Amino acid sequence: MRDSDDPKETPQSEERVIVVRELTKIFKDFWGRDKARAVNRVDFEVRRGEVFGLLGPNGSGKSTTIKMLLGLLRPTSGLVEVLGRSPEEVSTKSRIGYLPEESYLYPYFSGMETLDFFGKLFGLSASERRVRGAQLLEMVGLSGSQTRSVGEYSKGMQRRIGIAQALINDPELVILDEPTAGLDPIGCREVKDLIQTLARRGKTVVLSSHLLADVEDVCDRVVIYYGGRVHAMGELKRLLATPGSLRFTVPTMSRQAVERLISYIRSEVVDAEIEVEAPMQDLEGYFISVVQRARACEAETAGATAGRAVADYLGGPTEDVGRRKLLDRLMHAEVDTGGAGGAGGAEIQPQAGSVEASMGARDSGKGSASGGAREDQAQAEKAAERLRELMKGGE
Ligand SMILES: Nc1ncnc2c1ncn2[C@@H]1O[C@H](COP(=O)(O)OP(=O)(O)OP(=O)(O)O)[C@@H](O)[C@H]1O
Ligand SMILES: [Mg+2]
């Protein structure tokens, strides 16, 4: 969950990038009878610089909402306004980046050709396509695989090239349908860092995901769907707050000191449930440490590598060094390879030296632009046609 108190962290404005009112989509059958009420009188707004999450079980209407935000599906009734206009206008579409839930990549294009192709659809010049393509491939960790056909990419690698493609036009609004689906934990972490970076650069991000931990890490506000209706909406901080309890994290203390502390707390808060525990790092952090060590030992991989810093051309202020997260850290941090040394052999200690205490009613649930020969116009047109069909998803 992003810390919205820090204005540097979240350059949100009051400008409403998305306005949805009474939005309804009913899919009809061949005879015009209602088949599925996919979205039912939904209202929400998204402001510039926000990361907004669409949550809900399978079939609850998230992707249908996204397709209406993109102008790919026409609402049965209600209003949808994106960047102050109808999403069906071409000028609106060019300001949006979209990662669909299903991969729609042209399998015979290489990674670089894929980005070049999408750059052409947005009317970018050859030199812009080259610069942006190279930066994006580096950013998503696919520079080493840029000449391989995307049909050969693993699922996670396809997700990564899809994310790069969604950013080729330097969009103001980025809509990501299940961005972390199929990604390894490092890829997930990178995508989450990327989403936060985009938001700090003033982009607005709307995403849908079933991975609640990911949503919790990046979203400012969420909406929770069930059966096409909104059942909860608001700031994550507020939705998840558990009033009535406090948690302290302090360095390890002697048993006597802990007992003195507890008896002091008991004298202040009679009958309170007090928990004392040694905090553990989460599995994501542990996994990333192990892989960092494997990389430091130069283990080979034919898959995606760690992405690098965010592509320079993506607008907004660049990061100050202190704020760089895993994207940079994985590549630049000096990894301590001493001791046990091998990948997976190193035992990472839990965060020793600290004790966490909580009290109250709280639950303690613990290259180059394109490859010449294949860049023929007929093929590009065929791919564009196929792309249009797939993106439409059938109404
Ligand atoms: N083209 C379509 N024709 C008919 N019904 C559709 C169509 N697209 C979606 N639906 C129906 O609309 C409902 C919402 O689907 P949607 O794809 O929006 O769900 P979702 O929340 O994205 O689910 P998931 O988490 O599985 O991706 C479902 O009942 C689905 O069957
Ligand atoms: Mg969906």
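**Helix H3 (residues 111-121) of the predicted model is mostly covered, with nine of its eleven residues buried.** Helices (H or I, at least four residues) and strands (E, at least two) are DSSP runs, numbered from the N terminus. A residue is buried if 20 or more other C-beta atoms lie within 10 Å of its own, exposed if 12 or fewer, and partly exposed in between, with C-beta atoms placed from the backbone. The buried residues of H3 are Gly111, Met112, Glu113, Thr114, Leu115, Asp116, Phe117, Phe118 and Gly119. After H3 comes Gly123, which has a positive phi near 75°.

Because this is a predicted model, local features need pLDDT of at least 70 and side-chain atom pairs count only at pLDDT 80 or more, while totals for chains, interfaces and linings use all residues. Residues are numbered from 1 along each chain as its sequence is written, and chains are lettered from A and ligands numbered from 1 in the order in which they are written.

**The protein chain contains twelve helices and twelve strands.** Of its 395 residues, 35% are buried. The average pLDDT of the chain is 78, and 73% of the residues score at least 70; pLDDT is the predictor's confidence in each residue, from 0 to 100. In residues 4-8 the pLDDT is below 50, and this stretch has three contacts in the model beyond near neighbours in sequence. Residues 361-373 also have a pLDDT below 50, but that stretch has 23 contacts in the model beyond near neighbours in sequence. Two residues are in contact if their C-beta atoms, placed from the backbone, lie within 7 Å.

**Ligand 1 is surrounded by 15 residues.** A residue is near a molecule or strand if its C-beta atom, placed from the backbone, lies within 6 Å of it. The closest residues are Ala38, Asn58, Lys62, Ser63 and Thr64. Two elements give two or more residues to this shell, strand S2 (34-47) and helix H1 (62-69). By residue type, the shell around ligand 1 has three nonpolar, nine polar and three charged members. For this division, Ala, Val, Leu, Ile, Met, Phe, Trp, Tyr, Cys and Pro count as nonpolar, Asp, Glu, Lys and Arg as charged, and the others, Gly among them, as polar.

The expected span of a helix is 1.5 Å times one less than its number of residues. Ile288, Gln292 and Arg293 are buried in H10.

**Helix H9 (residues 255-268) lies largely in the open, because the number of buried residues among its 14 is zero.** The end C-alpha atoms of H9 are 20 Å apart, in agreement with the 20 Å that its 14 residues should span at 1.5 Å a residue.

**Arg129 is placed in helix H4 (residues 126-139).** Arg129 counts as buried because it has 21 C-beta neighbours inside 10 Å. Arg129 and Asn169 are 40 residues apart in sequence, and their C-alpha atoms are 9.4 Å apart in space.

**Asp170 and Glu22 are not glycines, and each has a positive phi of about 50°.** Asp170 is in the loop between helix H5 (155-166) and strand S6 (173-177). Asp170 counts as partly exposed, with 18 C-beta neighbours inside 10 Å. Glu22 belongs to strand S1 (residues 16-28). With 13 other C-beta atoms within 10 Å, Glu22 is partly exposed.

**Ser13 and Glu15 lie in the segment before S1.** Ser13 has 12 C-beta neighbours inside 10 Å and therefore counts as exposed. Leaving out residues up to four places away in sequence, Ser13 touches Arg47, Arg48 and Gly49. Ser13 and Arg47 are 34 residues apart along the chain, with 6.4 Å between their C-alpha atoms. Glu15 is exposed, with 11 other C-beta atoms within 10 Å.
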